[in-house]
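Thanks for making time this morning.

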Amino acid sequence: MHSAETIVVGGGMFGAAIAYGLRRSGVDTIMLDGSDGSLRAARGNFGLVWVQSKGMGLQRYADWSRESAHLWDDFAADLQDSSTVDVNLQNGGGLNLLLSDEERENYRRNIDIMRQQAGADGYDCDIIERDEVQKMVPGLRVGDGVAGASFGKHDGHVNPLRMLRALHRGFTKLGGRYFPCNEVGNITHDGGAFVAQSAANSFTAPKIVLACGHGITKLAPMVGLDTPIRPQRGQVLVTEKIEATVAMALGSIRQTDEGGFMFGNSEEETGFDDGTTLAVTQNIAARAVKAFPQLENVRLVRNWGCIRVLTPDKCAIYDESETMPGAYVATSHSGVTLGAVNAHHVSRWVSTGETPPNFDHFSARRFDVPKAA
Ligand SMILES: Cc1cc2nc3c(=O)[nH]c(=O)nc-3n(C[C@H](O)[C@H](O)[C@H](O)COP(=O)(O)OP(=O)(O)OC[C@H]3O[C@@H](n4cnc5c(N)ncnc54)[C@H](O)[C@@H]3O)c2cc1C
């Protein structure tokens, strides 16, 4: 039996960020993870630290995303310090290219809704014209079919695989204990301690955090929590590496610091099927070429499908069990964006009980709507 002050179940973007934050503040922490066969959104995502369009219907989530983006500068520096891994944060703002008048009009309406919802706090996102887009992306010719873009000044991007590496390496260098290939199948609670069991090992601690993506669905009921999440597939395409031309974060066509472009990402209701399809791949590639015609001659080298972790309103869920205090769930889409708040605020909530303002807005109880008579 391995014992600690806190067990974090899940070593993806959420689990690793929370475990890292716990260890950063000196909490004796064990992080348990699945294996290569697990669903792992942490290894197939797009790498955006993205604020625009987040939180429609839940202003607290819009604020949470913006706060995380602001914390990212310090977080990236801290990760580099503890892990020696540079996540290559670029956060000078982000563009979401709009490829038709209809897309532009729909996005403009969304901005109006978000602005009304934000009230006095304001919503920092505006539609800009094609020639302004061209000035922001001088290295590539912007296609004639581009009808403008939305620009959000808080947006940015990182290298997501290096972010995961930095979290894991930082966690272990700080003295955290990481157990890969230890998928938790059962959790019991007895005498003030939780016991988590994998096929090979048992782990015990007075606190347990379930931050294991789709693995939560099976485990949350074992600690008295209901955490509604569903799968959604996104396909991503990667090109060969070419000379760096676009440093700015772009919503669905971005160049990584290593030179390759990533194109994506679709939103498909295909259950847990993480395959790829030619029709979606062609559509994504066609959009990229419409945005930047020069990309027509750049070779695609890889593509994948990966499963998002979505709550019913696409905003985060953070809950502590009422029947078994000391058990927590933390889950959401946007685990890259939320890495900084997860490492700072969520780990502090778990270790000290101190909650950020209006943190109850993130409870899954917001979905408990009484049935109509
Ligand atoms: C196509 C795509 C693009 C995306 N783009 C972005 C983006 O640009 N920006 C952004 O912010 N977010 C993005 N995301 C979302 C982001 O990747 C996820 O929000 C994040 O990975 C979720 O983190 P997680 O730790 O909850 O789940 P995951 O990253 O899926 O990790 C779950 C981990 O838990 C482990 N596990 C599961 N069950 C158990 C168990 N029983 N016991 C132990 N371990 C277990 C798994 O092995 C895995 O390592 C994207 C996602 C997808 C699919």
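When I speak of packing or touching, I mean contact in the sense of heavy atoms within 4.5 Å. Please keep in mind that this is a predicted model, in which local features need pLDDT of at least 70 and side-chain atom pairs count only at pLDDT 80 or more, while totals for chains, interfaces and linings use all residues. Residues are numbered from 1 along each chain as its sequence is written, and side-chain values use heavy atoms, with hydrogens and water left out.

Let me start with helix α7, which covers residues 278–291; helices (H or I, at least four residues) and strands (E, at least two) are DSSP runs, numbered from the N terminus. The 14 residues of α7 reach 20 Å from the first C-alpha to the last, close to the 20 Å expected at 1.5 Å a residue, where the expected span is 1.5 Å times one less than the number of residues.

Which residues of α7 are buried? They are Val280, Thr281, Ile284, Ala288 and Ala291, and by buried I mean under 20% relative accessible area, with exposed being over 50% and partly exposed in between (1.4 Å probe, protein chains only). These residues cover an arc of only 105° around the axis, which puts them on the same side of α7; the arc is that of the directions from the helix axis to the C-beta atoms. On the face of α7 turned away from the buried side we find the exposed residues Leu278 and Ala279.

What do the buried residues of α7 pack against? Their partners are the strands β5 (94–97), β14 (230–241), β16 (253–255), β17 (260–263) and β18 (300–310). Not counting residues up to four places away in sequence, Thr281 touches Gln235, Leu237 and Asn303. With Asn303 there is also a polar contact, side chain to side chain, at 3.3 Å; that term means a pair of N or O atoms within 3.5 Å, where within protein one must be able to donate a hydrogen and the other to accept it, and residues adjacent in sequence count only if both atoms are side-chain atoms.

From β5 we can move on to its neighbours in the pairing, where two strands pair if DSSP finds at least two bridges between them. Strand β5 is joined to β7 by 4 bridges, and the two run antiparallel, with Asn96 having Ser150 in β7 as its bridge partner. Strand β6 (residues 125–128) is likewise joined to β7 by 4 bridges in an antiparallel arrangement, and here Ile128 stands opposite Ala149. Within β7, Ala149 and Phe151 point one way, Ser150 and Gly152 point the other way, and all are buried.

There is also an open sheet of 6 strands, in the order β9-β3-β2-β13-β20-β19 and with mixed pairing. Its edge strands are β9 (177–179) and β19 (317–320), each of which pairs on one side only. One of the pairings is that of β2 (residues 6–9) with β3 (residues 29–32), which run parallel and are joined by 4 bridges; Val9 stands opposite Leu32 there.

The side chain of Glu320 reaches the backbone nitrogen of Gly326 at 2.8 Å, and its contacts beyond four places in sequence include Leu225, Tyr328 and Trp349.

Finally, the backbone spots. Most residues other than glycine have a negative phi, and most peptide bonds are trans. Ser53, in the loop between β4 (48–49) and α2 (59–83), has a positive phi near 75° and is partly exposed, with a relative accessible area of 38%. Thr84, in the loop between α2 and β5, has a positive phi of about 65° and counts as exposed at 51% relative accessibility. The peptide bond from Gly264 to Asn265 is cis, with omega near -20°, and Asn265 sits in the loop between β17 and α7, which brings us back to the helix where I began.
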